[in-house]
Structure formats: structure tokens, C-alpha cells
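Have a look at the sequence and the structure before reading on.

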Amino acid sequence: MVKILVVDDEEILRMLIRDTLEDMGYEIDEAEDGQDALQKLARESYDVMLLDYMMPNLTGIEVIERLPQQTKEQLTIIMLTAKSQESDKQRVLDKGVDYFMSKPFSPMKLAELVEEALYAE
């Protein structure tokens with residue numbers, strides 16, 4: 001079963017993503033901030049991480065910078081962000097993000113992106 005880690009400080013958004021992706025048959029785990037995400041990633045392996053850019057404590061970029069290289073290689077990272085300038089997008093892609101989705105987004109568009117990410121190869 002595909003395991004997805006949803007990392008966002010907005011509980012409502014995590015619930016919306018969880019409901020959408022669980023309905024598609026994915027196993028979902030949640031982290032409310034970057035610290036929580038790093039702890040979960042140290043204990044579990046995931047196929048996809050949906051990662052918010054702007055969070056308290058650690059930003060999405062800081063989470064990526066602290067991930068071991070092996071974890072980065074095994075994980076598809078989708079950055080969710082309200083920062084949609086081309087320079088912001090390029091910055092996260094340069095850090096190892098595989099896909100980028102601007103907020104606000106449609107849950108179905110996110111589901112389509114997750115499918116694309118998982119089955120692109």
C-alpha cells in the first residue's frame with residue numbers, strides 16, 4: 001500500500017487532504033510541523049510527502065535540507081505553497097522537490113498530481 005505523509009500546520013487542510021486520499025485507497029499519516037515530520041520520517045518510510053512551504057518551527061525547505069540523502073531519493077516530495085512566484089518555485093525544485101502545487105488548490109487536482117507522481121515512471 002502507498003503511504004503518504006501530509007505535513008501542514010493547518011489541521012483543516014490536513015483533514016481535507018486525508019479524506020480525499022484515503023478515499024483513493026492510500027494510507028495517510030499526518031505531521032503538524034517540520035519537526036514532527038522529521039521524527040516520523042526517521043521512524044517510517046513513505047512513498048510521497050505532501051509538504052507545506054511555510055510552517056512554524058521549520059519551513060518545508062528546512063525539512064528537505066535536513067533529510068538524509070537516501071530518504072530524499074526514496075521519497076516523492078510535493079510542495080504545497082501559497083508562494084507561487086517563479087523564483088519561489090525554482091528554489092524549491094532546486095532543493096529536491098519533485099512537484100509543486102500552489103495554494104489554494106482543488107483536492108481533486110492534488111489527487112491527480114499524486115497519481116501522476118506515483119505512476120510517472
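## One end of the sheet

Strands S4 and S5 run parallel and are joined by 4 bridges. Across this pairing, Thr 81 stands opposite Ser 102 in S5. Two strands count as paired if DSSP finds at least two bridges between them. Helices (H or I, at least four residues) and strands (E, at least two) are DSSP runs, numbered from the N terminus.

Before going further, a note on where the values come from. The model is predicted, so to speak of local features a pLDDT of at least 70 is needed, and side-chain atom pairs count only at pLDDT 80 or more, while totals for chains, interfaces and linings use all residues. Residues are numbered from 1 along each chain as its sequence is written, and side-chain values use heavy atoms, with hydrogens and water left out.

## The whole sheet

S4 and S5 belong to an open sheet of 5 strands, ordered S2-S1-S3-S4-S5 with parallel pairing. Strand S2 (27–31) and strand S5 (99–102) stand at the edges with a single partner strand each, so one side of each has no neighbour in the sheet. From one strand to the next, the twist averages 20° (axes are lines fitted to C-alpha atoms, for helices over the stretch in contact, and angles run from 0 to 180 degrees between N-to-C directions).

Further along the order, strand S3 (residues 48–52) pairs with strand S4 (residues 76–81) over 5 bridges in the parallel sense, and Asp 52 stands opposite Leu 80 in S4. S1 and S2 also run parallel, joined by 5 bridges; here Ile 4 stands opposite Ile 28 in S2.

## A buried strand

How many of the residues of S4 are buried? The count is 6 of the 6, so S4 is largely enclosed by the rest of the structure. Buried means under 20% relative accessible area, exposed over 50%, and partly exposed in between (1.4 Å probe, protein chains only).

In a regular strand, side chains alternate between the two faces of the sheet. In S4, Thr 76, Ile 78 and Leu 80 point one way, Ile 77, Met 79 and Thr 81 point the other way, and all are buried.

## Helices against the strands

Helix H1 (residues 11–23) lies across strand S1 (3–7), S2, S3 and S4, and runs at about 170° to S2. Together, S1, H1 and S2 form a right-handed β-α-β unit: with the strands pointing away from the viewer, the path from the first strand over the helix to the second runs clockwise.

Helix H2 (residues 34–43) holds Lys 40, which is buried with a relative accessible area of 15%. Leaving out residues up to four places away in sequence, Lys 40 touches Leu 5, Asp 29, Glu 30, Ala 31 and Tyr 46; contact means heavy atoms within 4.5 Å.

## The chain overall

The protein chain has 6 helices and 5 strands, running β-α-β-α-β-α-α-β-α-β-α from the N terminus on. Of its 121 residues, 47% count as buried. Among contacts between residues at least 6 apart in sequence, 60% join residues at least 24 apart.

The C-alpha trace spans about 30 × 30 × 30 Å along its principal axes.
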